[in-house]
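Here are my notes for you on this one, as numbered points. Keep the viewer open while you read, and look up each residue as it comes along.

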Amino acid sequence: MAAKPKIAVYWTGGCGGCDVSFLELGPALLDVLAQVEIAFWPALVDTKRSEVEAFPPRSIAATLVNGTLRTEENVEMVHLLREKSQLVVAFGACAYQGGVPGLANLSPRDQLLRRVARNGFRPAPPPGGETEDAPPELLPEAKALADEITVDYVVPGCPPMPPLIGLLFDALLSGDLPAPGHVFAHDKALCEECPRTREERRLTKVVRPHELIPDPEVCLLDQGMICLGPVTRGGCGAACPKAGMPCTGCVGPTPEAGDPGLAMISALGSLARAGEEGPGAFAAEDKLLDALVDPLGTFYKYSLPTYVRRKGGNG
Amino acid sequence: MAEAPFEPRVVAFLCRWCAGAGADLAGTSRLHYPPNAVAIRVNCSGRVEPEWVMEAFRSGADGVLIGGCHPGDCHYVSGNYKTRRRIYLLKKLLAEIGIEPERVRLEWVSATEGAKFARVMKEFVTELKQLGPLNLEREEEKPSAAPVLPQVGS
């Protein structure tokens, strides 16, 4: 019998939810685990970095990385894992497009550190410790995995949903691999699989989720919730809209939409109405759109490092 | 040697029915206005995607002008109303990112308003000179910008 393929699961600047998401596979997880050997998975098994460094190049069949890249150590580890792996998968929204921690890129690093630790913070070794015991330096900004290394596949989601994880393992274990760059989700918009009915095709108010118990049948955009379904990939089964919550875009934008924020601005510009269109409605339309208090955080909740560029270049 | 004074680069999306014709009139009337804009004629200001505005910035523009028909005059009835709402939202987004919303300017210019077009260009370029260069991160500096990921082994 041939040796089982080795897999690794690594976390960088994440919350741990991606590691937990494997459990959602239920009994199917046992089938998967029976067919692979875990070479490295800090959440589950105790393998030291020095052991990973001793692995032969490309000896791991697939490494699944979750989390945003936030520290110098994150970067070192993903380069190491890239060298040791045949395939690297960006697992979850953070590794794919920067994720929620990527929202921190709105503030410069020093400002973040001042906010978190009031008197400023510099990584330092613990009392009596060696210099190498100091925590790693923060990068100037959070990055997606593909900003550092070649990424072969993506399993999107925050965290990835069982059907999407299943698609990845089906491909890896069958050897029937899709083209490089494949994203394990639908190319079509979430609306295609959302059971809610679109009636008005108008946005006549903007409400936040806590302000409304939505009608269970009607499109959430029609009810004034800013749902990112029109620009977001399907594949999750429209889990959030089914539960009365607007889509926040965790699976990432459809290939057609591209930049999710700009695509949503385009869509909302078409949909928003405050009475009869015309100069008399301009002020009311502006007021309506002002109720969308944080366009940046709403549209780029999971993807700011990928899409938002700032003034002054990279300096 | 003294550094050359900053000349803002402007991309102007002009609708063919009103603002584009107004710009033509400014030219045929021999009106003087700063030559900082690259004009792109579109069928309707409502065709201008927010993505195009950002692409102009990413490509080195310091300001983007969108010229459409006056309210009530849109050849397609309501394209200019859609673009007005889109630009309103886009400016809110730009402010959050830290880009001056004044770098995007929406103006209604009719086919007879060559003089207004010239005035708008003068005002806009003056304002952009005060704002200074934008220097947005360029596309090529940010490899993850494209949704297509790099090939294996490349």
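1. Let's begin with Pro180(A), which sits in the loop between H7 and strand E8 (182–183) of chain A. Pro180(A) counts as partly exposed because its relative accessibility is 34%. For that label, buried means under 20% relative accessible area, exposed over 50%, and partly exposed in between, using a 1.4 Å probe and protein chains only. Pro180(A) and Ile7(A) are 173 residues apart in sequence, and their C-alpha atoms are 18 Å apart in space.

2. Some housekeeping: this is a predicted model, where local features need pLDDT of at least 70 and side-chain atom pairs count only at pLDDT 80 or more, while totals for chains, interfaces and linings use all residues. Residues are numbered from 1 along each chain as its sequence is written, chains are lettered from A and ligands numbered from 1 in the order in which they are written, and side-chain values use heavy atoms, with hydrogens and water left out.

3. How confident is the predictor about chain B? Its mean pLDDT is 90, and 88% of its residues reach 70 or more; pLDDT is the predictor's confidence in each residue, from 0 to 100. Residues 142–154 of chain B have pLDDT below 50, and beyond near neighbours in sequence this stretch makes 25 contacts in the model. Contact means heavy atoms within 4.5 Å.

4. Now the layout of chain B. There are four helices and four strands, and along the sequence they follow the pattern β-α-β-α-β-α-β-α. Of the 154 residues in chain B, 50% are buried. Take the contacts in chain B between residues at least 6 apart in sequence: 80% of them join residues at least 24 apart.

5. Look at H4 of chain B (residues 114–131). This helix has 18 residues and reaches 26 Å from its first C-alpha to its last, close to the 26 Å expected at 1.5 Å a residue. The expected span is 1.5 Å times one less than the number of residues. Its buried residues include Phe117(B), Met121(B), Phe124(B) and Leu128(B). An α-helix has 3.6 residues a turn, so residues three or four places apart point the same way. What covers the buried residues of H4(B) includes strands E1 (10–15), E2 (37–42), E3 (63–68) and E4 (104–108), along with helix H1 (19–28), of chain B. Just after H4(B) comes Gly132(B), with a positive phi of about 85°.

6. Next, H2 and H3 of chain B. The axes of H2(B) (residues 50–58) and H3(B) (residues 79–97) come within 10 Å and cross at roughly 45°. That is why H2(B) counts as oblique to H3(B): angles under 35 degrees are roughly parallel, over 145 roughly antiparallel, 65 to 115 roughly perpendicular, and the rest oblique. Where do they touch? Pro50(B), Val53(B), Met54(B) and Phe57(B) in H2(B) meet Arg86(B), Leu90(B) and Leu94(B) in H3(B). After H2(B) you'll find Gly60(B), whose phi is positive, near 115°.

7. Is Cys69(B) buried or exposed? Cys69(B) is buried, with a relative accessible area of 3%, and lies in the loop between E3 and H3 of chain B. Leaving aside neighbours within four places in sequence, its contacts include Cys15(B), Cys18(B), Cys74(B) and Trp108(B). Cys69(B) and Ala19(B) are 50 residues apart in sequence, yet 6.4 Å apart from C-alpha to C-alpha.

8. Finally, some backbone details to check. Arg30(B) has a positive phi of about 60° although it is not a glycine; Arg30(B) is in the loop between H1 and E2 of chain B and counts as exposed because its relative accessibility is 67%. Arg58(A) also has a positive phi of about 60° without being a glycine. The peptide bond from Cys158(A) to Pro159(A) is cis, with omega near -10°.

Conventions:
Helices (H or I, at least four residues) and strands (E, at least two) are DSSP runs, numbered from the N terminus. Axes are lines fitted to C-alpha atoms, for helices over the stretch in contact, and angles run from 0 to 180 degrees between N-to-C directions.
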